[in-house]
Amino acid sequence: MAKEKKPDRLALKASAALAAGMSYGQWVAAGGTIQMDEPEQKQEAPGRICTDCGARFYGGSRTLYCPECRHKRYLESARRTRERRRERKINGSIA
């Protein structure tokens, strides 16, 4: 029994391009690649939970706060910074 030869990956990609209506020249001009549509996946609820208010939101791996709470925290931080600057200007530099 002879082993069955597996089809070449490049040949499979080229045949997929031809099946998608692309000519071989267009396929080569595109870098030998073809964009295949990804199957649509069901969207679940966003994966992050805000540490402040408990709301669900989309965010990266290090995101702790939802956009609303993040903005509130930014404003609070800016207010504290302004107060510290004001204190420095009033008291002068005491080192």
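This is a predicted model: local features need pLDDT of at least 70, side-chain atom pairs count only at pLDDT 80 or more; totals for chains, interfaces and linings use all residues.
1. Helices (H or I, at least four residues) and strands (E, at least two) are taken here as DSSP runs, numbered from the N terminus. In these terms, Pro67 is placed in helix 3. With a relative accessibility of 42%, Pro67 counts as partly exposed, where buried means under 20% relative accessible area, exposed means over 50%, and partly exposed lies in between (1.4 Å probe, protein chains only). Pro67 and Cys50 are 17 residues apart along the chain, and their C-alpha atoms are separated by 9.0 Å.

2. Residues are numbered from 1 along each chain as its sequence is written, and side-chain values use heavy atoms, with hydrogens and water left out.

3. On overall architecture, the protein has three helices and two strands. Along the sequence these elements follow the pattern α-α-β-β-α. Of contacts (heavy atoms within 4.5 Å) between residues at least 6 apart in sequence, 0% join residues at least 24 apart.

4. The cysteines deserve a separate remark. A disulfide is a covalent bond between the sulfur atoms of two cysteines. With the criterion of a pair of cysteine sulfur atoms within 2.5 Å, a search of the whole structure finds zero disulfides. Cys50 is in no disulfide, and its nearest cysteine sulfur, that of Cys69, is 3.7 Å away. Cys53 is likewise in no disulfide; its nearest cysteine sulfur is also that of Cys69, at 3.7 Å.

5. Tyr65 lies in the loop between strand 2 (56–57) and helix 3 (67–91). At 21% relative accessibility, Tyr65 counts as partly exposed. Tyr65 and Cys53 are twelve residues apart in sequence, and the C-alpha to C-alpha separation in space is 8.3 Å.

6. The surroundings of Tyr65 can be listed directly. Not counting residues up to four places away in sequence, Tyr65 touches Cys50, Thr51, Asp52, Phe57, Arg70 and Arg73. With Arg73, the side chain of Tyr65 also makes a polar contact of 3.5 Å. A polar contact is a pair of N or O atoms within 3.5 Å; within protein, one must be able to donate a hydrogen and the other to accept it, and residues adjacent in sequence count only if both atoms are side-chain atoms.

7. Side chains of opposite charge can pair when their charged atoms come close. A salt bridge is counted when a side-chain nitrogen of Lys or Arg is within 4 Å of a carboxyl oxygen of Asp or Glu, and a search of the whole structure finds three salt bridges.

8. Glu76 takes part in two of the pairings described here. Its side chain meets that of Arg79 in a salt bridge (2.3 Å, N to O); because Arg79 and Glu76 are three residues apart in helix 3, they are separated by about one helical turn. The side chain of Glu76 also meets that of Arg80 in a salt bridge (3.7 Å, N to O), and these residues both lie in helix 3, four residues apart, about one turn of the helix. Glu76 is partly exposed at 33% relative accessible area, as is Arg80 at 39%.

9. Arg79 also meets Glu83, their side chains forming a salt bridge (2.5 Å, N to O). Because Glu83 and Arg79 are four residues apart in helix 3, about one helical turn separates them. Arg79 counts as partly exposed at 32% relative accessibility, and Glu83 counts as partly exposed at 34%. Through shared partners, salt bridges join Glu76, Arg79, Arg80 and Glu83 into one network.
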